[in-house]
Amino acid sequence: MNAPDELKYSKDHEWVKVEGGSAVVGITDFAQQQLTDVVFVEMPEVGAAAEAGKPIAAVESVKAVSDVYAPVSGEIIEVNDALRDAPELINTDPYGEGWIFKLKMSDPSAAAALMNAEQYKEHAASESH
Amino acid sequence: MPNRTPLYEEHVKLNGTIVDFAGWELPVQYTRLIEEHEATRERAGLFDICHMGEFDVKGNNAFEFLQSVLSRDLSALKPGRCMYSTMLNERGGCVDDLFVYMKALDSFMLVVNAANIKKDFDWLEAAARGRGVSLADRSGDTAKLDLQGPQAAAIMRSLCSADLPSRFGFIAADVAGVETLVSRTGYTGEDGFELYCESSRAVALWRAIIEAGSPLGLLPCGLGARDTLRLEAAYSLYGHELSDDISPVEAGLRFAVSATKDYTGSDVIKKQLAKGAPRQSVAFALVERGVPRDGCEVVVSGSPAGRVTSGTFSPTLKKGIGLALLNSPAASIGDSVSVIIRNRPYAAEIVARPFIAYRGGSK
């Protein structure tokens, strides 16, 4: 499975790209494969408070809805408006155009506690059975 | 331990994502739900429906018996024709919805929902006591495969030399060497067939259809596509639009109830037909992007009016659609309503059913 080395990962299958004090968040390639065709993304409001481990967005496939959890706490500073009309970007480019939101981390060191790519691959493999 | 259909190994070979459905291990999808849905709308889809139940009802009094326990007037049935009906309790609620096949004047087959096989058989047995009819549950040794889509007839013609039946007709025929009951019916809103054979012959029939259909674009389809297809056609699903506590009049199935004959539940049904039912099933479509789901509350003119019974994202219409059971007087076609999804209201409009009209024609 595809999990870029430069990203951090949560057990709930979100990826985090740390950019100084902010973090860009999306769902992993493994997660989008499990969901299959994404048809709708419910995004948080800019300014909303994200609490680590709590649902902050939702990704819907035809068959099911899946919560997106905030991997770290902070304030939502940007959401990916392109997903409103093209939610399938989550399937086609989960680590790029398919990013979901950006937050200003309340504790910029918190991301260090997330999994690295190797750890995440093992975690995802254990869940795919 | 969940049940497996005779086609379980085929699903595993095809990489199907297996889920538990009503106690059966069945594929929810093989590749992508939307791809399977589109294959059925545009070409052909093949579905494993072996989990459904089949009962034989036989005897000189079988017709009168069925007239007394099924809500629809069966007088129009002839040998070789089948009909959709509901079977009601005394309160007018649905014990089940089913298809009744007239094989001969004294021989019928009922096709019932998988989750209701035991309940239905017990119900029928109790009702049949002293009525001079014989009942047999054939579910265990009967396989059912649904072949649906605009190419379904061409695929059948390549496997079966008999004249194909017209809509709601059925024949006994040799299909690729398998003795099959070929019924021109389905649950997708497309032309197609429901095929019944001995369980031991299911794999042979399945493989023959895939081989003949693949060049025409046929895909094996999972339960996911079955659900989106039936919902676009606004067909009821037991446990959602219908239950022991929902009448067929409430569910919008007036065509399936008789206003004249007497049958179990008919007192309640006749009252509802004359004076209106307490609730009414309506079809709605979201006017903003979103996906309504079973259980979401529907708000009409600022007040809670009922709940979504089935909802999905329509792969054909590319928007959220659903059926909802609302308190009467329910909203009318064209009315604006809200559907509450994860605590947020989404704008929706009441629309005509079905979402997608039957596209098969009558032949």
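The second largest pocket of this predicted model has a lining of 24 residues, and those nearest its centre are Ala31(A), Gln33(A), Gln34(A), Leu35(A) and Thr36(A). Its volume amounts to about 660 Å³. Elements of two chains contribute at least two residues each to this lining: α1 (29-35), β6 (55-61) and β7 (65-69) from chain A, and β2 (17-21) and β3 (24-29) from chain B. The greatest contribution to the lining comes from α1(A), which provides 5 residues. In terms of residue class, the lining of the second largest pocket comprises 10 nonpolar, 9 polar and 5 charged residues.

The two chain B strands that contribute to this pocket, β2 and β3, also belong to an open sheet of 3 strands in chain B, ordered β1-β3-β2 and mixed in its pairing. In this sheet β1 (3-4) and β2 of chain B are the edge strands, each pairing on one side only. The contact between β2(B) and β3(B) is antiparallel and extends over 5 bridges. Within this pairing, Ile18(B) has Pro27(B) in β3(B) as its bridge partner.

Further along chain B, strand β18 (residues 319-327) has 7 of its 9 residues buried and is therefore largely enclosed by the rest of the structure. Strand β15 (residues 279-286) of chain B runs antiparallel to β18(B), the two being joined by 7 bridges. One position in this pairing is Phe284(B), whose bridge partner in β18(B) is Gly322(B). Antiparallel pairing also links β18(B) to strand β17 (residues 303-314) of chain B, here over 8 bridges. In this second pairing, Leu325(B) of β18(B) lies opposite Arg307(B). The strands β17(B) and β18(B) form a hairpin with 4 residues between them, in which Lys318(B) adopts a positive phi near 60°.

Over all chains, the search of the whole structure returned 0 disulfides. For Cys50(B), the closest cysteine sulfur is that of Cys197(B), at 7.2 Å; this separation is too far for a bond, because a disulfide requires the two sulfur atoms to lie within 2.5 Å. Cys50(B) is itself buried, with 4% relative accessibility. Cys296(B) is likewise classed as buried, its relative accessible area being 12%, which falls under the 20% cut-off for burial.

Key: Residues numbered from 1 in each chain as written. Chains lettered and ligands numbered in written order. Predicted model: local features only at pLDDT ≥ 70, side-chain atom pairs only at ≥ 80, totals over all residues. Heavy atoms only, no water. Buried < 20%, exposed > 50% of the residue type's maximum accessible area, 1.4 Å probe, protein only. 1 Å grid on protein atoms, 1.4 Å probe; cavity = no way out; pocket = protein on both sides within 12 Å on 5 of 7 lines; lining within 4 Å. Points joined across faces, edges and corners; volume = space filled by probe spheres on them. Nonpolar A, V, L, I, M, F, W, Y, C, P; charged D, E, K, R; others polar. Pairing = 2+ DSSP bridges.
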